Each structure stands twice: as structure tokens, then as C-alpha cells.
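This briefing is meant for a reader meeting the structure for the first time. Please look over the sequence and the model below before turning to the notes that follow.

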Amino acid sequence: MTAHPFCPRQNGAVTLMVAVGLVLLASLTSLYSARTVLFDQLASHNHARAAQARLAAGMVLAQAQSTVASTPLLDLLAIQSTCPSGVSGLGWQCSDMGTAEHPDMPGVQGHATAVRDLLMSPHVITLHASASHSGQGSQAHMRESLFVPAVAPAPSLASPAAVVTQGCISEALGAQLRICPLVSRGESCSGTAKAPVVQTHFVVDTNGNGLINTAERNACLALRTVSMPGGGTRTGPSTAGTRSPCLRKAWASVLGSIEDAQLKAWSQAQERKGLTAQTSPPRSIYWIDSPADWHTSVGTPEIPALLVFSALACAQRCPRIGSGVRIMGSVLLDSGCNDEKMRGWEGGQIEGQLVVESGMPEWRSGTVIATPQGRDAYILNWPEGIDARRIQRINGSWSEGSP
């Protein structure tokens, strides 16, 4: 007799295997569901921590903006710090703005750094704010740029003169001078002049009629033709004025409302950063209080320099510029409308502009060649119509993401 194919023992084994499979499937389904819930919870927590970091970074940025608005610039930038990622080089100044922790977000730490370009845009501060969730790896970064009243705008001059004074000029016996105006085309000192070779803001009214005629102007700007190989006009006021008190008209005509303190602070910031004539990039602003004569060549065509010999440097007589010294940029001497401080002055070679706050009697030596980039050391990018006396956000400068 043959056995039935579906015996009880075989049926029991099949039933057991099906039951085990169902249990295993149920377990896997439960595990997958739990895993999904766990991942959802982790994602939710990570999103929450990231949101907290972003909120904290925004808080730090707002605090930094408030600090900038309420703190003198010199104090604000006094503490140097490591620059943020992507900012490197001697030309950058980075200052620690401190850390902060949100009172409602324990474990979330924020930090801010103020950054500015000491060469090209000392009037722009970029605030870098960051925040991280302690031990969780969540980070957020924000930044925004501000215009600050560090250096006032200089006037735009279509035809800057090679030499600007507030007084008369005369040459010493045997003087060796070479003064060339800005040219529209051709080589320096031999092209077509498009600007005055010399401009003065004070001419002596010899006949006392209250007007300045051509003869009086030419007598005041007594330069030989051989000293002006590039030609150019000699200009001055049409009416008689005064130099007492000294209103620094020469300074104002080229620097506008830029103040002594602004230039001095700018110069000191570059010096503290380690910028010199030999560094890369080179230093561009020099505020000089020393009465010693100057013997260092400064400035390049790409980064012109501004040398300001202050009233303190010119207390007895204004410093001379040594023979063979080459200045690419502008030189300003604050001689306080006192011609005697510039008597017998000697200069090296200036490729840009010479500005003197007095006359120059018995000028002995020097070369001044006007160049288009002569004033670029202090010509900053201020948008038209902006109020440069207060802090303002720069439109489009805000960003969020990686540092």
C-alpha cells in the first residue's frame, strides 16, 4: 500500500516554516518602520540644530552690526585676529568681534570677525558671522558688508594739475626742475597737455584792485619754459583772496573732506599690518610726522602711494625728498601757508601729483610728471549719492552658507 503524499509530519514542517517566515517578515517590517522613524527623528533633530545654528549666526551678525554702529573705528579694529577662510594676504585686516551664546539655545556658540581691505577699500567692512551647535556638527555662516565713514570721498578731477599750491613759485638760481602736465596722448612731457602744469589757490594782488590779471598770475608762477618741457597752462584764481587764516585750499581741492585723522589712522593700520614699500602688496598710505628728509622710493603703477608730510613734520621746514627717490603717486606737504617752510625745497621724482599748502620760493630741484593714476591711492569707490558720514549696508552683499 503506497503512503499518502501529504502526511502529517510533512504538513507540520511546512506550517512551521510558513509561521517562521511570517514572524520574520513581521519583524523586518517592524524594524524597517522603526528605522524609518529613527531616521525621520534624526533628520528632524539635525534640521532643528541647523535652524538653531542659522538663528544664532543671524543673532551674532546683528550684534556685530550694532557694535560697528556704536564703536569708534579705531577701537573696533584694534584687536587683530585670524582671518576667515578665503581671506588671506597682508592687505587684509581682520578683527575679532567676540563670541556670543544665545540665551535660549544652550550649546550654540557664535562668533564674528570684521574684515576690510586696507589698500583698496578701507571704507568697507565685511562682517563674517558663524555659529555651531556644540558636539553636534551643525554650523551656519553669514556675512554682510557695510560702508563705514573711515575715509571720506575725494573729489573727481577731470584735469588734475601736476603741481597744486596755495602760493607763488619761484626757481632758485641754477634750479633743475622738470614739471610735466597730464597728457591726452603721446609720451610724458612731450604729448598733448590736457591739464594745467601748475595750479595755485592764492596769487598776490600786486596792484590791489581785487582782481588777478594774467601778468600777476605769471609773475606768481615764475617757472621757466625749460622747466616745463610738456607745456601746459599755469592757472590761479581770478580774484584776490586771503591765506590767513590758512584754509588749506590746496588740500581740499584734491582730497575734498578727507581729514587728517582719517589718513593717519589708515596709515597706522597699514603699518601695524606689516605693509612696507617692499612687501607684496606694498604699502600705499604714509602719514609722516617726522621732520627728517625722505629717502625711500614708494608706490607702483598698480598700487600708487600717498605721502602726507604733516604740519608736525613741517613745523620748522618741510622735509625734502632725496635725489634719486621715485614716488609713484601723490605727495602732500602741509606747510601751513608759510612759504618759508618750503624755501629751497628739493624733491626726487614724483610720478603723479605734488600738493603744497603754501608757495614754493626758490625751488631747487625735482621732477613732477602728472599721471592718470597719480591720485588712485586715496580715490575710493563710493556710490553716487551715498552719505559717506554714516554706516550703511551695501545692497547685495548679504550671503549665507559656507565661509
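Ser358 is in contact with Thr165, Gln166, Gly167, Arg243, Ser335, Cys337, Asn338, Asp339 and Met342, once its neighbours within four places in sequence are left aside. The model in which these contacts are found is a predicted one.

**The setting of Ser358**
- Ser358 sits in the loop that runs between strand E15 (346–356) and strand E16 (360–370).
- Because its relative accessibility is 0%, and buried means under 20%, Ser358 counts as buried.

**The nonpolar cores**
- The largest nonpolar core holds 48 residues, of which Met97, Leu127, Leu255, Ile258, Leu263 and Tyr378 touch the most other members.
- Several elements each supply at least two residues of this core, among them helix H1 (8–70), strand E3 (121–133), helix H4 (249–255) and helix H5 (260–272), and the largest share, eight residues, comes from H1.
- Leu255, with its neighbours within four places in sequence left aside, is in contact with Pro153, Ala154, Pro155, Leu263, Leu332 and Tyr378.
- A second, separate core is made of 41 residues, including Val197, Leu221, Ile327 and Leu354.

**The chain as a whole**
- The secondary structure of the chain consists of five helices and 18 strands.
- The chain has 403 residues, and 44% of them are buried.
- Of the contacts in the chain between residues at least 6 apart in sequence, 61% join residues at least 24 apart.

Technical notes
Residues numbered from 1 in each chain as written. Predicted model: local features only at pLDDT ≥ 70, side-chain atom pairs only at ≥ 80, totals over all residues. Heavy atoms only, no water. Core = buried A, V, L, I, M, F, W, Y, C linked by side-chain atoms within 4.5 Å. Buried < 20%, exposed > 50% of the residue type's maximum accessible area, 1.4 Å probe, protein only. Helix = DSSP H or I, 4+ residues; strand = E, 2+ residues; numbered from the N terminus. Contact = heavy atoms within 4.5 Å.
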